[in-house]
Amino acid sequence: MSIGAVLAFLREDFPEVTISKIRFLEAEGLVEPQRTPSGYRKFGPADVERLAYVLRMQRDHYLPLRVIREHLDAIERGEAPPALPAADSRPGPLEEADRELVAASGPTSGVRLGRAELLAAAGAEERDLAAWESYGLVLAGPDGGYDADTLQIARLVAELGRFGLEPRHLRQVKAAAEREIALVDQVVAPLRRHRNPQTRAHAETTARELATLAVRLHATMVQAGLRAQGLSDKPW
C-alpha cells in the first residue's frame, strides 16, 4: 500500500491521523516500510498493523512512544507486552501539569527544529501551522527555527484540535497565559534588578515556583468548575 492508501485505511478508526504523523512514526523507527527503486514508500500488512497498534496505544492508553516501542519489541520476540495501565489510572490535570512543568524545566536551548520537523513531530499539516502562527499560538525564532517549548505548544494545540477546538478558540488560553506571565513578572522583576547576585539568581527559582502554583490553581479551578456543572462526578 502507498502512504496515501494507508492514510485512508487508518482514518476509518483514527480520523485525526495525517501523513505527517505516519512519516514521524517512521522517523522514530516504529515502522519501516519498504522503498521502491524510485523512493516511494510501500507498506505491507504488518506495517499497517504496527501503525494501528501505535495509534491505538496513544489514543486509548496515552502511552509514550518509548513504551509503545517496548511493547512492539516484546511482540516481535514472541513475548506478551507489558500490562496496560488501568482505564482510570491516567494522571489527572494536576499531575499532568506538574509533569509538563518538570519536563519544561530541563535544558532546551539546544533544541532547534525546522518547519518540516515541527510538523512531523506534532503530527500536523502545513495549513495547521499557518493557522497557529496567524493567531500567535506558535511563533518561529529569529532564525526561523522552533525550540522545545514551541514544539510542546504545537503538540498540545494539535491535540485540542482533534476535539474540534480551532486556533481562534485558543486565543483565550493565550491571553490567560500572558496575564499569568505578567503576574509572575510583577513579583520577580524586583529580584532581577537587585544588586545582590544571589538575589538575582533566586529570581529564576521564584518564577518557576510561581508558574507551578499558577498552573495548579488553574487546573484545580477547572476541575471544581466542571464538577459544579455536573460534568465530572469524581476527583481527577
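The model is predicted, so local features need pLDDT of at least 70 and side-chain atom pairs count only at pLDDT 80 or more, while totals for chains, interfaces and linings use all residues. Residues are numbered from 1 along each chain as its sequence is written, and side-chain values use heavy atoms, leaving out hydrogens and water.

Let's start inside. The largest nonpolar core has 40 residues; such a core is a set of buried Ala, Val, Leu, Ile, Met, Phe, Trp, Tyr and Cys residues joined through side-chain atoms within 4.5 Å. Buried means under 20% relative accessible area, exposed over 50%, and partly exposed in between (1.4 Å probe, protein chains only). Leu 10, Ile 22 and Trp 132 have the most contacts inside this core.

Now for H2. Among its buried residues are Ile 22, Phe 24 and Leu 25. Thr 18 caps the N-terminal end of H2, with a side-chain oxygen 3.1 Å from the backbone nitrogen of Lys 21. After H2 comes Gly 29, whose phi is positive, near 80 degrees.

Finally, the outside. Phe 163 sits in the loop between H8 and helix H9 (171-192), and Phe 163 is exposed, with a relative accessible area of 72%.

How values were computed
Helices (H or I, at least four residues) and strands (E, at least two) are DSSP runs, numbered from the N terminus. A polar contact is a pair of N or O atoms within 3.5 Å; within protein, one must be able to donate a hydrogen and the other to accept it, and residues adjacent in sequence count only if both atoms are side-chain atoms.
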